[in-house]
Amino acid sequence: MKPEHLPLLNTVSPPAVHPDGTRAVVSVTRPDLEADAYVGQLWTVPLDQDKLPRRITRGFRDTAPAFSPDGLVLAFLRADGPSSKAQLCVVEADGGEPQVITDRLLGVETFSWSPDSQRIVFSTREPVAGRYGTAAGIAPEAEEPRLVTTLDYRLNGAGYTRDKPRQLFLVAVPELGGEPDSSVPDSRKVTSFSTDTGPGTFSADGSAVYFTAAPPADTDGLATAIYRVPVTGGEPVAFDLASPARQTIAEVRESRDGRWLFFIARDLGGSGMDFVARNAVLFCVPTGGGVPVPLTDPEMMDVLPPGSGIELRGPDRALVLNSAEGTVELLELGATGEHALLVHGDRAVTAAAWAGGSLFVSFADPSSSGDLAALDDGQLRILTDFSATLRNSTDITVPQEVTFDAPDGYPVHGWVLRPAGQGPHPVLLNIHGGPFTQFTVALFDEAQVYVDAGYAVLMCNPRGSAGYGRDHGLAIKGRFGTVDMQDVLAFLDGALAKYAALDAGRLGIMGGSYGGYLTAWTIAHHHRFAAAIVERGFLDPVSFEGSADIGWYFGAGYLGSSDDALANRSPLKLAARVQTPTLVIHSENDLRCPLEQGQRYYAALKRQGTEAELLIFPGEDHELSRSGRPRHRRQRFEHILRWWARFLPTPANPGEASSG
């Protein structure tokens, strides 16, 4: 895979299953280099494999499909162009012309159907008067100053949040099939919180909407609560969980029979701020109130991989995903204790949905960036092949799963990807961010591009990662740069010993976010690498506290709250030790690890004479490598390959001297 192959990376949304179970609709999106944006349309995928998947919309970017419970209407989000905000659309389930039913200034983010198929609750950011174009003729730089009185007031990717909190609205779905009508129906505001509300979902009888939000008196904490508001209007009321535990509640759904409330939460400990390595747990509580019962193991299971949530199956069961040792599993859990592992193995499930007796599963695996399957008799039956063009146009390398022991005997699990040919191949040690995340078996564009350029790529999940139990994640609390560095280097040495085709004398190291931290920390202690790439790094915990969107709690939670604790684990403080040529990559609008982190680290390297470059992407945030502008993503790859060609040239990626 080469940088120009980015447009072949099709990703698949959570499936919308028709109530009769005969078909599902998914959104298939991809980067488009010509439009410099992400484009996508809706596809219908029949359960009957004799019928082929078919594209059913032609919008610029159509996403998030959902059938009405009666099966007559399909709702989805549509953006008309690269800079357009997504609006809510509805269309007859059997086809027709979509009708736009919202015109929100900042677009619609999420939505959910009412049980009677008559209404939709949606979330949107609601700007305060005078901001974000609400005052005619006043440009952003001419708006009034922002008076900040809280610690939590910005979010990477969203910018300032207190002047445009996410709120919920209700809209009645117009009757379709009549005379053309270009008007947009009125929406009624449901919430008026000063902080963001979570997505809204209806109760089983349609009389109320559930959502999550920070308690009004605790807007600078991490705790959130479940609220319920009548659809007829009124003030939201916090749901009484009859539990003293403080939690971050991320998702809430009422069971189809209306007897139970499922929710996913992370415990925050006695302080209400202890977020480190807290696994997400599925809880269940009677809708009449009571003490929540955990349905998943808080020590070993983490049921909230990025982008996932709760889906319902049958009258009283929930479907959730679980991060498990580099895979993502599909679990089914009953309110009264029944449970089943439905999908596991070498794949990463991204979503699942059930209706009409049919269970559809979206997934990625080593040779697909996104496809859809049906679960029949405990086996996945693949229904699509949206990655066929990618495989036919490129050579996809399947990672080899391996485990090597650290010096203290701890097993370090990960993958090795080797280029074709006997070698010896230069080696890139790639470190993931988080740290409480995981590399998975899913097709990873980063690794494929580097392997195609002639590099062996090593990826592992050291201590601190998710997916291996809470103790594994907790191992680096207060100990950044200790056993985690030990683990990644042990994985490197284990791979070098196992594979003769790997060149132990030609090594590179790279990582982003926390991976940028560990890269910078490692090259301050070890000088075995020919070059390094430090991307969007957490590089100075001291300044991070006042500049990052999560700075007010992240460093203290992981490193300690004292000035010495923060300073003593700062890669910036150790920059004088670095001898390794280093490319620092950062984005101008990164609020998670602000640009100053990369700038100050780069300046420190240059000041002492260490060879360094600083690559800054305008208009991008912390998600550049995953969801940045497609041209920037391609240019990022080109600069990374240029850097490796300079210090670790290969026949497929020659340096300037060897290319002539």
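Visitor: Which residue follows α2 with a positive phi?

Guide: This is a predicted model: local features need pLDDT of at least 70, side-chain atom pairs count only at pLDDT 80 or more, and totals for chains, interfaces and linings use all residues. Residues are numbered from 1 along each chain as its sequence is written, and side-chain values use heavy atoms, leaving out hydrogens and water. Helices (DSSP runs of H or I, at least four residues) and strands (runs of E, at least two) are numbered from the N terminus. After α2 the phi is near 100°, at Gly-454.

Visitor: Is Thr-397 buried or exposed?

Guide: Thr-397 is in the loop between α1 (388-393) and β32 (400-405). Neighbours within four places in sequence aside, Thr-397 contacts Leu-417, Arg-418, Gln-448 and Val-451. With a relative accessibility of 17%, Thr-397 counts as buried.

Visitor: Which residues touch the most other members of the largest nonpolar core?

Guide: A nonpolar core is a set of buried Ala, Val, Leu, Ile, Met, Phe, Trp, Tyr and Cys residues joined through side-chain atoms within 4.5 Å. In soluble globular proteins, nonpolar side chains tend to be buried together. The largest core here has 66 residues, and those touching the most other members are Leu-458, Leu-492, Tyr-558 and Tyr-601.

Visitor: With which residues is Leu-492 in contact?

Guide: Leaving out neighbours within four places in sequence, its contacts are Val-427, Leu-429, Leu-458, Leu-507, Arg-528 and Phe-529.

Visitor: What is the angle between the planes of Phe-193 and Phe-211?

Guide: Rings of Phe, Tyr and Trp (its six-membered ring) pair if their centres lie within 6.5 Å; planes under 30 degrees apart are stacked, over 60 edge-to-face, and the rest tilted. By this rule there are 26 aromatic pairs. Phe-193 and Phe-211 are edge-to-face, 5.6 Å centre to centre, with a plane angle of 90°.

Visitor: Why does the pair of Phe-193 and Phe-211 tie together separate parts, and how many residues apart are they?

Guide: Phe-193 is buried at 14% relative accessible area, and Phe-211 is buried at 0%. Phe-193 lies in the loop between β15 (187-189) and β16 (201-202) and Phe-211 in strand β17 (208-213), so the pair joins parts whose separation in sequence is 18 residues.

Visitor: Over which ring does the charged end of Arg-347 sit?

Guide: A charge sits over a ring if NZ of Lys or CZ of Arg is within 6 Å of the ring centre and within 35 degrees of the ring normal. Lys-498 lies over the face of Tyr-499, at 5.6 Å from the ring centre. For Arg-347 the distance is 6.0 Å, and the ring is that of Phe-363.

Visitor: How many salt bridges does the rule count?

Guide: A salt bridge is a side-chain nitrogen of Lys or Arg within 4 Å of a carboxyl oxygen of Asp or Glu. One network of them links Glu-109, Arg-125, Arg-166 and Asp-196. The count is 38.

Visitor: What is the N to O distance between Glu-332 and Arg-313?

Guide: Glu-332 is buried at 10% relative accessibility, and Arg-313 is buried at 18%. Glu-332 also bridges to Arg-317, at 3.2 Å. For Glu-332 and Arg-313, the N to O distance is 3.1 Å.

Visitor: In which helix are Glu-638 and Arg-634?

Guide: Their side chains meet in a salt bridge at 3.8 Å, N to O. Glu-638 is partly exposed at 39%, and Arg-634 is partly exposed at 25%. They are four residues apart, about one helical turn, in helix α11.

Technical notes: Buried < 20%, exposed > 50% of the residue type's maximum accessible area, 1.4 Å probe, protein only. Contact = heavy atoms within 4.5 Å.
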